[in-house]
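Take it one heading at a time, with the model open beside you.

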Amino acid sequence: MTAKKFLFILFFLLTYQFGFSQANNVESYYIPAVNGTKLAMDVYFPEDYKNQKLPVLFEFTRYWRGKEDPKTGEPIPSLKKRDKYFLDHDYILAKVDVRGTGASYGVRTAEYSPTEVKDAWYIVDWVVNQPWSNGKVGAYGTSYSGTTAELLCATQHPAIKAVIPGWSDFDVYESPSRPYGMLATSFIAVWSQYVDWLDQNSVENLGASVRRVGIDFPMDAIKEHENNTIVLEALSKAPYKDSKFGDFKSEELDPLHWKKEISESNVPMLVLTSWLDAGTAEGTLLRLQHFDNPQKVVMMPTSHGGRSHASPFVVSDSIVEPIPSVTEQLRLQLNFFDQYIKGIDKEVEDWPTIKYYNFGEESFKHSDIWPPKGQERIKYYLDANGKLNTSSPNEPQGMDEYLVDFSVSTGTNNRWTTQMGKPVLNLNNRNAADSLTLTYTTTPLAEPLQITGTPVISLNLSSSHKEGAIFVYLEDVDPDGKSRYITEGGLLLKHRKLSMNAMYDKIPYHSFRKSDASPMPIDKIEEVSFKLHPTSILIKKGHSIRIAISGADKDTFDKVPTEGIPTLSIYRNKTNISFLELPIIK
């Protein structure tokens with residue numbers, strides 16, 4: 001498949017999610033925002049609209065609010081199944097091209113910029129003063145627009161009554177910009193090229209054109225986009241969390257930056273996310289624990305956007321329908337908006353605070369607090385002969401050497417590439433990959449073990465190189481010896497220094513700031529501790545727990561170092577212990 005063909009498919013996936021249709025009742029506007037910059041907005045009305053005042057649901061997008069035929073100028077159907085569902089239940093929809101995208105004016109210096117957040121206040125204020133608005137609004141979206149739905153709360157406009165951030169970003173540096181402090185050109189380059197085509201209205205590459213607002217095509221607006229920041233170039237020049245990305249620091253470009261404002265808004269949130277979707281699960285749980293907004297969370301076993309099932313106990317190399325189904329996902333969202341925007345009692349307040357999927361058991365559990373009641377943290381120590389034991393080692397000098405194999409991979413359908421619209425596949429058999437890594441495995445469990453929360457790895461290690469990376473994969477091994485991916489963690493070794501952060505109780509925190517970064521001292525033992533992405537899994541009786549350690553994921557992350565092959569020495573003795581810490585529910 002050519003890169004151009006893949007990007008065209010991506011265009012289809014991101015813009016036509018769950019089917020599409022075209023509404024006849026639509027009006028287009030230019031609305032002045034910060035500094036008078038005009039933003040393009042389409043307003044869709046229900047099919048049987050009779051001039052009544054209705055609530056308005058927003059989607060702020062950088063993927064074009066609408067399209068048209070580049071030859072005829074005729075609108076191309078662009079409403080998703082979810083959009084039509086809301087229209088059919090008497091909501092007005094307002095779709096906005098954010099600053100510097102689509103038919104909107106302005107220069108885009110960064111993604112999720114503070115200027116873009118402030119723009120949204122002006123748009124909401126304009127809408128609630130229109131004769132068709134009843135003064136109550138909400139916002140929804142998936143991925144980018146899921147994040148803008150949450151960021152809308154940061155404006156603290158009083159008309160905002162509820163938002164649904166779906167599969168959204170939270171700490172954008174850690175996911176998806178620079179996971180583990182590393183650059184993942186394999187998917188960032190694709191996204192960068194795609195959004196550049198959108199911003200420049202590249203008809204040749206996309207096969208469509210952005211929808212105009214009035215009679216004239218928005219050539220002047222698109223010309224302003226020529227000065228937009230190129231994402232890949234900016235990320236390549238911004239290796240740290242406090243590096244500049246365009247006009248802003250990376251740490252200013254996410255909901256975490258707006259924690260105080262979002263919490264103070266007190267806007268209720270329905271958060272939809274997935275365990276195996278980049279770092280969105282971690283962001284979801286941090287928000288739940290540390291933001292004051294009323295929240296309901298549904299943690300699914302799906303790909304990005306809830307399109308398909310992702311559990312490695314269910315899925316192999318073929319797409320499986322998601323759980324919950326698309327229809328169930330839509331019903332949840334409608335009930336949530338009806339409750340908090342229309343004031344119709346849909347018993348949402350009786351929902352559990354978090355409903356989360358439990359791998360292995362392959363069913364949902366629920367809790368009103370996070371972590372769930374009964375959580376304990378237990379350690380499994382790395383030991384001789386590739387063993388993982390609950391008792392610490394007695395050896396005085398135990399150590400294993402690992403020559404980094406740069407062919408190790410989680411494939412091309414993993415938790416990171418699903419952000420580009422791909423399903424999660426082929427995580428059900430990791431034995432071939434395990435053979436290229438350094439593994440440690442428990443004996444078969446005498447009793448089932450429930451893991452729920454954020455695992456931690458702590459390794460005493462040394463390296464033959466100043467630069468390098470480390471990846472750790474947590475796996476379930478069945479009685480036949482077949483290993484399945486559960487979750488993973490990683491770290492660019494120069495970010496190994498630990499810092500304090502009140503949001504990470506008992507979990508190692510890395511600032512990813514320039515002042516905390518330093519090369520590895522060659523052949524000197526360093527304690528390197530980091531978190532794995534949170535998960536929930538029942539390890540069945542007779543199954544084993546395994547960690548697989550590598551220094552690469554060739555199909556996702558850029559090679560570190562660019563030259564040379566490091567040898568990592570993992571120490572596992574009574575002086576320099578290494579261990580896996582698991583969150584267990586008793």
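In which sense do strand β4 and strand β8 pair, and over how many bridges? Strand β4 (residues 54-61) runs parallel to strand β8 (residues 92-97), and the two are paired over 6 bridges. Please keep in mind that this is a predicted model.

## The ten-stranded sheet

The pair β4 and β8 belongs to an open sheet of 10 strands, whose order is β2-β3-β8-β4-β9-β10-β14-β15-β16-β17 with mixed pairing. At the edges are β2 (26-32) and β17 (363-367); each has a single partner strand, so one side of each has no neighbour in the sheet. On average, neighbouring strands here are turned by 20 degrees against each other, ignoring direction.

## A three-stranded sheet

Another open sheet has 3 strands in the order β6-β5-β11, and its pairing is antiparallel. Its edge strands, β6 (75-76) and β11 (209-210), each pair on one side only.

Strand β5 (residues 67-68) meets β6 in an antiparallel pairing over 2 bridges. To find this spot in the viewer, look for Glu-68, with Pro-75 of β6 opposite.

## Two helices that pack together

How are packed helices described? Two numbers are used, the angle between the axes and the distance between them. For helix α2 (residues 81-88) and helix α12 (residues 326-342), the angle is about 45 degrees and the axes are 11 Å apart. That angle is why α2 counts as oblique to α12. The crossing of α2 past α12 is right-handed.

## The largest cavity

Searching the whole structure gives 8 cavities of 30 Å³ or more. The largest cavity holds about 330 Å³ of space. It is lined by 20 residues, and those nearest its centre are Asp-169, Val-172, Pro-176, Ser-177 and Trp-191.

Sorted by class, the lining of the largest cavity has 14 nonpolar, 4 polar and 2 charged residues.

## The largest pocket

The largest pocket has a volume of about 350 Å³. Its lining is made of 18 residues, with Gln-289, Pro-371, Thr-454, Asp-505 and Ile-507 closest to the centre. Two or more lining residues come from each of α11 (280-290) and β18 (375-383), and α11 gives the largest share, 5 residues.

What classes of residue line the largest pocket? There are 7 nonpolar, 5 polar and 6 charged residues in its lining.

## Backbone details to look up

Most peptide bonds are trans, and most residues other than glycine have a negative phi. Against that background, a few places deserve a look. The peptide bond from Ile-323 to Pro-324 is cis, with omega near -5 degrees; Pro-324 sits in the loop between β15 (295-300) and α12. Val-560 and Pro-561 are also joined by a cis peptide bond, with omega about -5 degrees, and Pro-561 is in the loop between β28 (544-550) and β29 (567-571).

Where does Asn-201 lie? Asn-201 is in the loop between α6 and α7 (203-206). Although Asn-201 is not a glycine, its phi is positive, at about 55 degrees.

Notes. Residues numbered from 1 in each chain as written. Predicted model: local features only at pLDDT ≥ 70, side-chain atom pairs only at ≥ 80, totals over all residues. Heavy atoms only, no water. Pairing = 2+ DSSP bridges. Helix = DSSP H or I, 4+ residues; strand = E, 2+ residues; numbered from the N terminus. 1 Å grid on protein atoms, 1.4 Å probe; cavity = no way out; pocket = protein on both sides within 12 Å on 5 of 7 lines; lining within 4 Å. Points joined across faces, edges and corners; volume = space filled by probe spheres on them. Nonpolar A, V, L, I, M, F, W, Y, C, P; charged D, E, K, R; others polar. Axes fitted to C-alpha atoms, helices over the stretch in contact; angles between N-to-C directions. Parallel < 35°, antiparallel > 145°, perpendicular 65-115°, else oblique. Left-handed = near helix turned anticlockwise from the far one by under 90°.
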